[in-house]
Amino acid sequence: MKHKRTIEEINARIASGEVVVMTAEEILPLIKECGIEEATRKVDVVTTGTFSPMCSSGAFVNFGHSDPPIRMKNVLLNNVPAYAGLAAVDAYIGATEESLHTKNYGGAHVIEDLIAGKDIKLKATAPGTDCYPRQEIDTYINKNNINECFLFNPRNAYQNYGAATNSTDKMLYTYMGSLLPKFGNVTYATAGELSPLLNDPYFRTIGIGSKIFFGGAQGHIAWHGTQHNIYRERNEQGIPKGGSGTLSLIGDLKQMSTEYIRGAYFHNYGTSMFVGIGIPIPILDEDMMSCVAIENSRIQTSLFDYGIPERARPSLGTFTYEELRSGTIVLNGKKVRTAPLSSLKKARDIAQELKSWLNNKTFYLNEPASALPTPPPLQNLEIRGKGELN
Amino acid sequence: MITQRVLLKYKPEEYGKPLSYILIKNFDLMINILKASISPGQEGRLLLDITGTEEQVAAGLKHLQGENIEVVPASFQISLAEEKCVHCGACTAVCFANSLAIGETSDWQLKFDPDKCINCGLCINACPCGAIVKGVFDDTF
């Protein structure tokens with residue numbers, strides 16, 4: 001007997017307090033115990049979570065108008081440049097933009113400080129126009145005295161991501177962490193079986209407008225992310241074997257929490273931002289339950305040598321997240337230490353928090369406004385002369 | 001019996017002295033060399049665990065100081081600011097002493113055991129959250 005349910009039916013169960021929610025980890029023993037069909041009957045929603053450095057992130061800010069008004073051209077927030085080529089007092093502060101003075105402070109830290117309610121120094125200069133005569137401003141802002149402030153992250157929640165190692169004789173400092181010489185360690189960045197896009201590998205329930213947990217607030221999926229790649233080779237469970245799907249996310253910074261958004265600085269690389277994301281997966285039928293049944297032992301990723309400074313780094317092999325999580329893998333016949341960059345503890349906190357929102361009737365599911373568009377295969381940037389393009 | 005972790009700093013002209021031999025032979029101490037850096041013309045550094053009775057350890061260290069060797073107590077050289085830690089595990093990639101470990105318990109929270117730390121300092125740069133800070137001495141080996 002096939003069991004089916006709609007988003008509307010799930011929302012009715014949330015409203016009546018009857019909804020049954022489990023995290024993508026908690027569901028696994030239940031599926032083992034009673035099978036897909038029975039688990040589908042029992043559980044309405046499965047929550048996922050991830051907390052990882054996601055460089056392609058940033059926030060739009062509208063500062064409000066000064067008197068006399070200014071059309072800001074160059075904007076600094078705590079000495080971090082923000083892009084201001086947007087009307088008069090709109091700006092975008094990118095996570096990886098670095099402070100002019102402090103190398104371990106960047107846009108991500110400005111965002112964290114804004115969320116924390118701290119005062120931020122705003123300096124801006126302008127050419128001065130007839131309608132915006134002011135040429136400079138030097139003041140302080142915080143999240144309570146600015147207008148809109150929302151995160152709009154172009155590429156988050158990678159569906160899967162390659163692991164990293166280093167074949168060279170030198171220590172490499174990368175966005176995948178400190179990589180010791182001569183294959184001294186391996187780092188990986190994913191929440192594995194708890195990761196949002198691994199639990200809905202073909203984006204059947206995740207689409208434009210889907211409501212999500214975003215940085216501690218309720219946010220939305222705006223679009224697919226940049227470099228969204230749906231053509232990556234998949235395993236027999238339909239799980240891509242490397243970097244593949246991505247999401248572009250939007251949400252109100254003023255509602256977020258520094259528990260789930262943190263500035264990061266990777267030595268000799270620069271700044272990035274830890275972003276906490278959770279997506280509820282509605283169990284519409286047995287097929288959806290089969291999707292969330294994935295386990296670390298059945299999710300693979302490729303290992304890449306960051307010592308080779310090329311676009312297409314060769315893969316040194318494929319490993320499951322069960323192997324990577326064990327703390328050691330065998331590479332070239334030798335045991336190599338593995339370490340995560342993605343916080344499993346925080347990912348679990350997020351999945352639990354989202355679950356409590358559903359149980360407390362503070363979060364309802366919605367139908368996506370549209371499925372994620374399917375872009376063509378990824379393009380590379382080549383060095384070309386004028387007129388050499390197709 | 002006590003174990004004391006110390007960093008010995010000594011000038012290039014003191015290189016000729018067989019330090020560990022003296023500590024073992026004359027003071028009946030157990031020596032475990034955790035890290036050593038000796039380059040011609042540069043200050044030498046030796047990180048040791050010294051085990052013995054309280055009196056033996058004190059006498060051994062006093063002797064070294066008399067030999068023009070700087071003795072720096074080296075316990076708790078790094079400290080972890082827990083409010084900054086997000087339990088990502090990036091520091092564990094470089095901690096071969098297993099002083100910083102994650103995933104050994106099912107809660108996947110970072111565990112820090114200061115007694116295992118050998119002061120290599122690699123975790124300081126490996127931490128993306130600035131949660132690990134230097135303690136007693138700030139110069140690296």
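## Chain B at a glance

Chain B is built from three helices and eight strands, where helices (H or I, at least four residues) and strands (E, at least two) are DSSP runs numbered from the N terminus. Read from the N terminus on, the elements of chain B follow the order β-α-β-β-α-β-β-β-β-α-β. Along the principal axes, the C-alpha atoms of chain B fill a box of roughly 50 × 35 × 20 Å.

A word on conventions before going on. This is a predicted model, in which local features need pLDDT of at least 70 and side-chain atom pairs count only at pLDDT 80 or more, while totals for chains, interfaces and linings use all residues. Residues are numbered from 1 along each chain as its sequence is written, chains are lettered from A and ligands numbered from 1 in the order in which they are written, and side-chain values use heavy atoms, with hydrogens and water left out.

## Where the chains meet

Here, 24 residues of chain B are in contact (heavy atoms within 4.5 Å) with 27 residues of chain A. About 1900 Å² is buried between chain B and chain A, 60% of it on carbon and sulfur atoms; buried area is the accessible area (1.4 Å probe) that two parts lose on being put together, summed over both. On the chain B side, B:V86, B:W108 and B:P128 account for 31% of the area buried against chain A, more than any other three residues.

What is the count of salt bridges between chain B and chain A? It is zero, taking a salt bridge as a side-chain nitrogen of Lys or Arg within 4 Å of a carboxyl oxygen of Asp or Glu. The side of chain B that touches chain A divides into 14 nonpolar, seven polar and three charged residues; Ala, Val, Leu, Ile, Met, Phe, Trp, Tyr, Cys and Pro count as nonpolar, Asp, Glu, Lys and Arg as charged, and the others, Gly among them, as polar.

The largest pocket holds about 1100 Å³ of space. Of its 38 lining residues, A:Y158, A:Y161, A:Y175, A:Q227 and A:Y306 are the closest to the centre. By type, the lining of the largest pocket has 17 nonpolar, 16 polar and five charged residues.

For these values, a pocket is an open set of points on a 1 Å grid over the protein atoms alone, where a 1.4 Å probe fits, with protein on both sides within 12 Å along at least five of seven lines; lining residues have an atom within 4 Å of a point. Volume is the space filled by probe spheres set on the points, which are joined across faces, edges and corners.

The second largest pocket has a volume of about 550 Å³. Its lining has 21 residues, and those nearest the centre are A:N104, A:H109, B:K84, B:C129 and B:G130. At least two lining residues each come from α3 (107-115) and β19 (261-266) of chain A, and from α3 (122-126) and β8 (132-134) of chain B. This lining divides into eight nonpolar, six polar and seven charged residues.

## Local details in chain A

Over all chains, the count comes to 17 salt bridges. In one salt bridge, the side chains of A:D138 and A:K121 meet at 2.7 Å, N to O. A:D138 sits in strand β9 (residues 136-141) and A:K121 in strand β8 (residues 120-125) of chain A, 17 residues apart.

Two backbone features also deserve a look. The peptide bond from A:D67 to A:P68 is cis, with omega near -5 degrees, and A:P68 is in the loop between β4 (58-62) and β5 (74-77) of chain A. A:F183, not a glycine, has a positive phi of about 55 degrees.
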